[in-house]
Amino acid sequence: MISFFALLIPLVLMLLVLGLVALVLRNGRRRRALAQERAAQAAASGWYLVPPDPWLLQIAGSVFPAGGDVTEAWAGSYRGRGMYLFDYRYVTSNGKTQSTHHVHFVALHLPVALPPLMITRETGLRRMFHGRDLELENAAFNEQFRVDCDDDRYGSAVMHPRMMECVQYNPALEWLISGNAFVTWGVGGFHVPDVHARLEAMTRLIDLIPPFVLRDYGQPTYR
């Protein structure tokens, strides 16, 4: 005689499988709906899909592990400056398991190409592994951020007091200058409202680059 529990176990397993399938289908529909909504918001902002930019892909590989790929890229303009936006995916491994990470990058064109400069939040690990960075005449700024550049005079010219104040006002915004691009990044895929806020903060920072820096250090094309 078949026991009640012998009948119940297959039924429970079937319900679990059906529930898992339903969850996967629901998550898939949600992801597609979010992707369609994001694409509509991007198009409404005047942005358009473009192929990956190899040079900006190299920049992404210098901030996060190299060897990743661009999953989606958009271009457009913001306040008269060319804009480029893309999602970047990379994989890390501890030797046993692999993890896939998603980040995004936003770039605005500069009027000239400038030497490299990077602003990141200071951490104990960065102090330990990245060594010396530029020390400026603002102790609170030095404690909170690190400035990496090859030319201290150039770095000090860019990071004048008003620029440091603006960086401190936007402490979550890490950025770099590479050639004729001003680039920021964030965790996860991009969200259009966040990108607009990011572009506004980037614009304020770019506008604070002194004219003499553009004149004395700028080149007509990036290298």
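**View 1. Around W175 in the predicted model.** Not counting residues up to four places away in sequence, W175 touches L117, M118, I119, M159, M163, V167, F182, V183, T184, W185 and L205, where contact means heavy atoms within 4.5 Å. This is a predicted model, so local features need pLDDT of at least 70 and side-chain atom pairs count only at pLDDT 80 or more, while totals for chains, interfaces and linings use all residues. Residues are numbered from 1 along each chain as its sequence is written, and side-chain values use heavy atoms, with hydrogens and water left out.

**View 2. Strand β4 and its partners.** Strands are DSSP runs of E, at least two residues, numbered from the N terminus, and two of them pair if DSSP finds at least two bridges between them. β4 (residues 98–121) runs antiparallel to β3 (residues 81–93), joined by 11 bridges, with Y88 partnered by V103. Four residues separate the two in a hairpin, and G95 in the turn has a positive phi of about 95°. β4 also pairs antiparallel with β6 (residues 175–187) over 11 bridges, putting V106 opposite T184. Antiparallel pairing with β5 (residues 145–149) takes five bridges, and there I119 sits opposite V147.
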